[in-house]
Amino acid sequence: MNTLPPKVGANKFITNTLTTLWTDMLEDGCYLLRKYLPEIVITVDNNVAQSCMRLLDCYLAKYYESEIKKVPNE
């Protein structure tokens, strides 16, 4: 959460949603991976979590505020 863009990190709704999704779904996702999905190269849960964060980071591009696109304060 410390590396979110400043305008996104200032929005408490987004940070709370991301934190909730991360804490609620990471353990269940790792269980699903271990139980039902074959792995070509066996990994540990830390690597799976880091890979998830890297995938999420790809979708959080740098945001440039303009006259048309503004981040609400709420």
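Okay, quick definition to start: buried means under 20% relative accessible area, exposed means over 50%, and partly exposed is in between, with a 1.4 Å probe and protein chains only. Now, this is a predicted model, where local features need pLDDT of at least 70, side-chain atom pairs count only at pLDDT 80 or more, and totals for chains, interfaces and linings use all residues. Residues are numbered from 1 along each chain as its sequence is written, and side-chain values use heavy atoms, with hydrogens and water left out.

Let's begin with threonine 15. It sits in helix H2, residues 12-36; helices here are DSSP runs (H or I, at least four residues), numbered from the N terminus. Threonine 15 counts as buried because its relative accessibility is 12%. Leucine 4 is eleven residues away from threonine 15 in sequence, and their C-alphas are 8.8 Å apart.

Next, the cysteines. Buried or exposed, then, for cysteine 30? Buried, since its relative accessible area is 8%. Cysteine 52, on the other hand, is partly exposed at 34%.

Last stop, leucine 56. You'll find leucine 56 in helix H3, residues 45-59. With a relative accessible area of 33%, leucine 56 is partly exposed.

That's my tour, so over to you.

How values were computed
Helices (H or I, at least four residues) and strands (E, at least two) are DSSP runs, numbered from the N terminus.
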